[in-house]
Amino acid sequence: MSESLSHAHTPGTPDVVVIGGGPAGSTVSTLLAKQGYRVQLFERERFPRFHIGESLIPETYWVLEQLDMLPKMQKSHFVKKYSVQFVNAAGRESAPFYFWDNKPHDCSQTWQVVRSEFDQMMLENAREHGVDAQEGVRVHEVIFEGDRAVGVRIKDDAGAFREVRAKVVVDASGQNGLLMNKLNLRVWDPILNKGAIWTYWEGAYRDTGKDEGATLVIQNGNKKGWFWYIPLHNNIVSCGIVGPFDYIFKGRKDYPTTYEEEVEMCPGVRERVAKAKRVTGHFATKDYSYRSNQVAGNGWVLVGDAFGFLDPLYSSGVLLALKSGQLAADAIGEGLAKGDTSQAQLGKWGAAFNEGVDRMRRLVCEYYEGFNFGAMVRQYPDMRGTLTDLLIGDLFNTRVDKVWAPLESLYKDGKPAIPRWDDGTPAVEAVGKANELVLPDGRRP
């Protein structure tokens with residue numbers, strides 16, 4: 001036993017406490033329960049609840065398979081997604097990137113999900129595997145003895161406080177980042193300083209057949225941002241504008257006006273929603289690109305958005321939530337089996353995970369700096385498959401790194417290197433930064 005635990009556990013107390021019931025929390029808890037560990041999960045809200053991040057990418061398949069979620073997804077009414085497609089500022093469409101063409105496997109069909117429904121399915125799946133998942137319970141704080149997390153202090157719906165001790169605490173609290181904020185671990189991305197405004201349309205245009213569920217990335221009219229266009233079930237489309245924080249939020253009248261102005265000057269969106277009815281108000285989020293400078297400590301682990309969030313451009317959010325939950329569960333299970341819940345053991349997956357996130361981050365940053373998929377494929381047709389690998393989320397191997405040298409050959413002279421994420425935002429700019437989500441009154445998917 002490499003490290004003795006600092007407190008005793010009475011029979012019936014959990015081995016692991018998980019804070020948050022979103023995809024990352026439900027993933028890590030389910031996989032640990034499948035290993036035979038006692039897991040208690042505390043979710044402050046009551047499901048179903050609204051969440052953004054509706055487009056899954058193919059590599060989620062492998063974690064969903066491990067969670068026994070695939071049969072449920074296959075029986076669901078979620079729209080099937082086979083590709084991603086890019087539309088330029090003039091409305092001209094690229095050829096679709098069909099996942100099956102690059103990887104002929106069942107994983108190449110994925111889904112566009114309504115997160116209120118998907119997240120509830122994931123949480124119920126955790127319960128079916130033995131997780132004690134409690135909703136309407138807020139974790140007030142993580143309890144530390146010295147530098148070791150030993151449990152949590154919770155507050156239930158009735159306002160009563162109590163302590164729950166555990167060998168490991170997993171923070172899956174989302175972008176609020178309970179431990180990240182407590183321990184001052186958040187590093188704001190130095191260049192991905194973006195914001196988004198979105199809404200939902202009924203009756204908007206969608207293609208037919210296997211193209212019906214394609215995610216569209218549509219450059220806005222002045223090339224200062226882009227729209228996501230995601231077809232959901234019940235004839236609903238999620239459509240949002242993403243751009244630099246200052247462009248989206250400074251000097252503009254209000255969220256509805258900004259959104260309408262952007263739609264009006266973007267033919268790729270304007271024509272698709274011309275005959276549609278907007279069925280919700282306008283949602284907004286800002287300051288959402290960050291990472292923690294560590295994934296774990298003694299007795300604690302961060303997963304999902306409680307560790308970091310990249311950018312919505314390539315729909316990587318749910319994949320990174322599921323993958324971090326999977327990797328964390330492996331490290332926690334191994335550590336519990338040998339009595340080692342040290343930082344080194346619980347965080348042993350962090351370096352490889354960060355390398356994968358860095359690959360997606362680079363592709364995101366290259367797009368924002370003018371990278372053109374069509375030009376790349378025309379110049380290097382043999383790279384189409386590797387680019388598709390990155391788009392499907394095949395991020396955690398070095399094989400895909402062969403794409404970077406050809407990509408760099410297309411750089412204009414003097415193009416500076418992309419700053420690393422952990423260079424961080426200068427302190428003077430980081431003052432007052434805080435992730436913010438604005439929800440309208442009325443209907444939410």
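Which strand does Glu43 lie in? Okay, that's where I'd like to start today. Glu43 lies in strand S2, which covers residues 39–43. And just so we're clear, we're looking at a predicted model here.

So, let's look at S2 itself. This strand is mostly covered, with five of its five residues buried. If you follow the side chains, Val39, Leu41 and Glu43 point one way, while Gln40 and Phe42 point the other way, and all are buried.

Now, who are the neighbours? There's S1, residues 16–19, which runs parallel to S2 and is joined to it by four bridges. Val17, for instance, has Gln40 as its bridge partner in S2. To get from S1 to S2, the chain passes through helix H1, residues 23–34, and that β-α-β crossover is right-handed. Then there's S7, residues 132–135, which also pairs with S2 in the parallel sense, over four bridges. Here Leu41 stands opposite Ala133.

Back to Glu43. Leaving aside residues up to four places away in sequence, Glu43 touches Gly20, Gly21 and Gly22, plus Gln134, Glu135, Gly136 and Val137.

Last stop, another sheet. This one is open, with three strands in the order S12-S19-S22 and antiparallel pairing. Its edge strands are S12 (186–188) and S22 (308–309), and each pairs on one side only. S19, residues 290–292, is joined to S22 by two bridges, and Arg291 stands opposite Gly308 in S22.

Technical notes:
Residues numbered from 1 in each chain as written. Predicted model: local features only at pLDDT ≥ 70, side-chain atom pairs only at ≥ 80, totals over all residues. Heavy atoms only, no water. Pairing = 2+ DSSP bridges. Contact = heavy atoms within 4.5 Å. Buried < 20%, exposed > 50% of the residue type's maximum accessible area, 1.4 Å probe, protein only. Right-handed = clockwise from strand over helix to strand, strands pointing away.
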